[in-house]
Amino acid sequence: MAKYKEIQGFAVQNFSQDPVPTVAGWTSGGNLPAATFGLAGAGTQTAGLGFGGSTGPSNGITTTVEYDGSTWASGGAMGTGRYLLGGAGIQTAALAFGGLVPGNSNATEEYNGSSWTAGGNLGTARQKIQGCGIQTAGLAFGGAEPAASDKTEEYDGSSWTAGGALGTARHSFGGAGTQTAGLGFGGYTAPNPTSNATEEYDGSSWTAGGNLNTGRREVTGDGLQTAALAFGGNGASGATEQYDGSSWTAKTSLSTGRDRLGGAGTSTLSLAFGGKTPPVSNATEEYAEYLEPNTFQNDGQVFYNDTEKKFKLTAATLVGSWATSGALATARRGLASGVGSPQSASLAFGGATGPTTYVNSTEEYDGASWSAGGNMGTARQNLAGAGIQTSGLASFGDNGSALTNTEEYDGSSWTAGGSGSTARQFIMGCGTQTAGLSFGGETGPGPVTNATEEYDGSSWTAGGNLTAATRLAGSTGIQTAGLCIGGLAPSRTANSLHYDGSSWTAGGSLNAALQSSAAGGTQTSALSFGGNTGSYTAASEAYNGTTWSVDGSMNTARTQLSGSSPRTASLAFGGEITPGAVSALTEDYTEAGAKVIEDIDVT
């Protein structure tokens with residue numbers, strides 16, 4: 001098979017930075033089962049979730065639908081039918097709150113991928129509310145009480161507490177980001193019915209950001225505080241804008257302009273569904289943005305012909321870049337993290353500074369630098385980590401011998417939790433403090449196990465076994481949607497495994513057999529980085545739930561490092577850079593730029 005270089009005489013370029021996109025816009029996806037407006041969304045473009053909404057003048061519905069990248073399927077029904085509600089999280093761990101029942105609701109519900117259960121009620125019932133974050137670290141802000149509200153509330157997985165008030169009370173607006181890096185834009189801000197104002201949240205207070213180019217209410221958005229997408233709005237607007245952390249840039253408009261629609265995904269891979277045009281719509285559109293070298297056409301499928309063959313260059317795919325950030329105070333390897341933490345609120349704990357020098361220190365990251373947190377009760381390395389910065393979980397590990405200890409972090413100090421059933425080291429972990437998952441590891445030194453245990457906030461119970469005994473794998477996800485990446489089973493492997501809350505099944509294969517890597521993201525949108533492929537590596541691979549693709553490399557190769565979520569804004573820290581040399585390096589990942597895949601002979 002001929003390659004592009006053989007045809008044109010030079011190689012395809014790779015881009016690690018973010019030049020002006022040459023291909024971007026909305027294309028049609030699979031229609032919703034029913035035309036719906038005022039629904040909430042969560043998840044990604046290939047694993048989206050829509051819930052609640054209305055199919056008529058004022059009928060709040062309990063419907064949940066799940067998107068696989070092409071079609072919608074029914075999910076578990078909500079306990080309370082409502083519309084104009086807020087949402088957060090991912091397809092297998094979503095959060096629904098507030099809305100109109102009719103009558104303003106304060107109800108919160110949590111979705112596990114199949115069914116909804118009641119969570120803690122909002123402090124203030126509201127409709128036309130906005131939200132962002134994850135199920136265990138959600139943010140709800142604004143809304144109508146019935147007057148426009150400036151209230152912010154933060155969710156910890158069980159209850160809401162008051163946060164900093166919006167600078168301007170508003171409802172019917174868009175939102176994106178995380179609990180500690182939220183974004184609100186547009187909306188109704190009396191007496192202005194179509195605001196263009198943007199506000200940014202830092203975990204305690206809101207400040208003004210760059211204004212939208214098109215002021216509007218009933219707008220939808222997704223992404224992060226520094227990489228958001230706004231689309232739709234009143235008057236059946238199709239306007240689409242992208243935010244870079246300081247200013248908004250106009251992008252290709254929706255094919256079908258509408259308001260009060262649902263949204264999910266990122267600023268470069270987004271999903272828009274439902275809404276009112278009028279009438280009520282069932283349309284789904286997918287936004288994609290990628291780049292190509294300027295020698296190519298701009299349609300993403302460039303053809304070159306010779307006398308006998310035709311060659312098709314596959315579409316470019318998004319890749320990311322890594323930048324060095326503030327170093328850990330204590331260089332270490334074999335440390336753990338709150339894998340569900342956002343990049344701007346990460347947590348590092350445990351590890352070792354030498355062969356037998358074990359660490360009990362905790363450090364907290366604010367997006368630029370690390371500061372000391374409370375020490376663990378037991379110094380250890382090669383442990384499992386879970387949770388977030390204000391609700392962390394440390395379990396198992398070793399300090400000369402394998403341990404069963406579990407400790408829980410509240411944002412300032414660690415307390416003892418329930419012990420595991422079997423002492424283990426080189427173990428993997430993910431999930432939350434009240435729904436943790438640990439799997440594999442050594443019971444030794446020596447014997448490797450396939451055991452899985454699940455934590456409920458007080459005790460561990462047995463889960464389904466790994467398909468093979470494994471240690472030193474990467475891990476991310478949640479208790480009901482865990483991901484095991486590579487590892488030693490018993491030799492280095494390229495396998496990935498999916499956990500559904502009861503059993504493990506095979507996922508896509510990595511491009512390189514790997515051990516001792518770190519990971520961020522979810523089961524269907526993950527990033528694996530660093531580790532050992534036979535030598536220490538800086539390589540990253542991105543996962544969409546089915547296929548792994550080579551991504552942007554870190555600046556420094558290392559193994560036995562740790563990291564945190566989400567996939568599009570992961571954080572890598574610590575590790576070993578050469579045998580015996582531990583590291584304090586921190587690197588943050590930004591999804592930007594593009595890489596072109598190999599050209600394929602389609603003759």
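**Two cysteines and their surroundings**

Modeller: A search of the whole structure, which looks for pairs of cysteine sulfur atoms within 2.5 Å, finds 0 disulfides. Cys-430 is in no disulfide, and the nearest cysteine sulfur to its own, that of Cys-484, lies 9.3 Å away; Cys-484 is likewise in no disulfide, its nearest cysteine sulfur being that of Cys-430. Cys-430 is buried, with a relative accessible area of 0%, and Cys-484, at 2%, also counts as buried, where buried means under 20% relative accessible area, exposed over 50% and partly exposed in between, with a 1.4 Å probe and protein chains only.

Some care is needed with the basis of these values: this is a predicted model, in which local features need pLDDT of at least 70 and side-chain atom pairs count only at pLDDT 80 or more, whereas totals for chains, interfaces and linings use all residues. Residues are numbered from 1 along each chain as its sequence is written, and side-chain values use heavy atoms, with hydrogens and water left out.

Of its 603 residues, 58% count as buried.

Both cysteines belong to the largest nonpolar core, whose 11 residues are Val-339, Met-428, Cys-430, Leu-437, Phe-439, Leu-466, Ala-473, Cys-484, Leu-497, Tyr-499 and Trp-504. A core of this kind is a set of buried Ala, Val, Leu, Ile, Met, Phe, Trp, Tyr and Cys residues joined through side-chain atoms within 4.5 Å. The elements that give two or more residues to this core are strand E38 (428-431), E39 and strand E44 (496-499). In soluble globular proteins, nonpolar side chains tend to be buried together.

Leu-466, one of the core residues, is in contact (heavy atoms within 4.5 Å) with Phe-439, Gly-440, Thr-449, Asn-450, Thr-452, Cys-484, Leu-497 and Trp-504, leaving aside neighbours within four places in sequence.

Strand E39 covers residues 436-439 and includes Ser-438, which counts as buried at 0% relative accessibility. Not counting residues up to four places away in sequence, Ser-438 touches Phe-396, Arg-424, Ile-427, Met-428, Gly-429, Ala-451, Thr-452, Glu-453 and Trp-460.

E39 pairs with E40 in the antiparallel sense over 4 bridges, two strands being paired if DSSP finds at least two bridges between them. The core residue Phe-439 has Thr-452 as its bridge partner in E40. In a regular strand the side chains alternate between the two faces of the sheet. From strand E40 (residues 452-455), Thr-452 and Glu-454 point one way while Glu-453 and Tyr-455 point the other way, and all are buried.

Strand E40 also pairs in the antiparallel sense with strand E41 (residues 460-462), over 3 bridges, and here the bridge partner of Tyr-455 is Trp-460. E40 and E41 form a hairpin with 4 residues between them, and in its turn Gly-457 has a positive phi of about 105°.
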